[in-house]
Amino acid sequence: ASRFEGVSMAPPDPILGVSEAFRADKCDLKLNLGVGAYRTEELQPYVLNVVKKAENLMLQRGENKEYLPIEGLAAFNKVTAELLLGADNPAIHEGRVATVQGLSGTGSLRLAAALIERYFPGAKVLISSPTWGNHKNIFNDARVPWSEYRYYDPKTVGLDFDGMISDIKGAPEGSFILLHGCAHNPTGIDPTPGQWEKIADVIQEKNHIPFFDVAYQGFASGSLDEDASSVRLFVARGMEVLVAQSYSKNLGLYSERIGAMNVVCSSSDVAVRVKSQLKRIARPMYSNPPIHGAKIVANVVGDPTLFNEWKEEMELMAGRIKTVRQKLFDSLSAKDKSGKDWSFILKQIGMFSFTGLNKAQSDNMTDKWHVYMTKDGRISLAGLSLAKCEYLADAIIDSYH
Ligand code: PMP
């Protein structure tokens, strides 16, 4: 008998499990719209040219594989905070930003969750309903209590702004409010600049702490600066803010696990202490982060020529997704004879589209049409080509009606 007899079978992951099922499907028509990973029009993975150039530079320089400090690569930490807040941000010049390199977005969120558990016992994190599925896992494992605020309105397939504001107002004073910096996952629906101001108002009124998850900087508008404007607005108000960053999507560094946790503090003195505690949390978890992705980001963001080339590639990727979004909308509108208004697809932004398909309908997409997607009705347009839009539209219309 095994000593592990009592270990039960874990359920497959709702997002990464979709890719496993996709790989097992033998049908030629199959489409993987589950995970948010960018593909070319030929549906192949894409390594950015600037990443290849940065890696070549690294090879030429013959850099070593010594351990990084616990907080990560200094050159990376510097440029990542600048990319997020703007190089001229007073918070940076005043030394008020505690930045540590993290294991991409997920690992950075996990560090912050541990900090909250340790220093804000009992404080709740409010997450949007719906949100990226892993948020709940992260806070559960860190033993941080969470609850949801209204976000998505199925009636309009848009933002339930009043519900959101009222739930943030209703949360116990001093709660952490988890916000998607841009390109909300899974809905693709972001607040307008005016709505962000109002969100900041209630957070300030209630003494809450804003906690941004920025996994798609550049993928919402195509502009890195514009996509950081929500975070910058809160920082400009002098608020203390937590921000997790990921380079999985915007630099295509998924498997390099490169990101950062930034805590914007009210003084440099506090920032130094916060950083020391983040390091203390990281040390027994993974000791120190990997170097390769950090060097790539430092080389790309820190070099004006490569940085400009990255912006162009970023616009190219964001542009391809916009074209696919338009084509999907056109195909749906032309084929669907029911009179349904599909314009919500055009209003959504980023890598994803929330189709409004329920679980049974999403099952039909997969079982009958070999379209793999998460069961909440989310499809990743980054995994769709122009050539497959008509087929996808047929599948969606069949599944809806
Ligand atoms: N936050 C959100 C909202 C995401 O969608 C993702 C990626 N799917 C992440 C964080 C983190 O991903 P990673 O750990 O690969 O950076």
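## Helices α5 and α6

In this predicted model, helix α5 passes helix α6 in a right-handed crossing. The residues that make this contact are Thr-106, Leu-109, Arg-110 and Ala-113 on the α5 side, and Asn-134, Ile-138 and Phe-139 on the α6 side. By class, the residues of the contact comprise 4 nonpolar, 2 polar and 1 charged. The axes of α5, which spans residues 104-119, and of α6, which spans residues 134-141, come within 9 Å and cross at roughly 40°.

## Surroundings of the ligand

The ligand is surrounded by 13 residues, of which Ser-104, Gly-105, Thr-106, Ser-246 and Ser-248 are the closest. Helix α5 supplies the largest share of this shell, with 3 residues. In composition, the shell around the ligand divides into 9 polar, 3 nonpolar and 1 charged residues.

## The open sheet

Seen as a whole, an open sheet of 7 strands runs in the order β2-β10-β9-β8-β7-β3-β4, and its pairing is mixed. Strands β2 (97-103) and β4 (146-150) stand at the edges and have a single partner strand each, so one side of each is left without a neighbour in the sheet. On average, and with direction ignored, neighbouring strands of this sheet are turned by 25° against each other.

Within the sheet, strand β8 (residues 209-214) pairs in the parallel sense with strand β9 (residues 241-246) over 4 bridges, and the bridge partner of Phe-211 in β9 is Leu-242. Helix α7 (residues 161-170) packs on the sheet, where it touches β3 (125-129), β4 and β7 (176-180), and the direction of α7 makes about 145° with that of β4.

Key: Residues numbered from 1 in each chain as written. Predicted model: local features only at pLDDT ≥ 70, side-chain atom pairs only at ≥ 80, totals over all residues. Axes fitted to C-alpha atoms, helices over the stretch in contact; angles between N-to-C directions. Helix = DSSP H or I, 4+ residues; strand = E, 2+ residues; numbered from the N terminus. Left-handed = near helix turned anticlockwise from the far one by under 90°. Contact = placed C-beta atoms within 7 Å. Nonpolar A, V, L, I, M, F, W, Y, C, P; charged D, E, K, R; others polar. Near = placed C-beta within 6 Å. Pairing = 2+ DSSP bridges.
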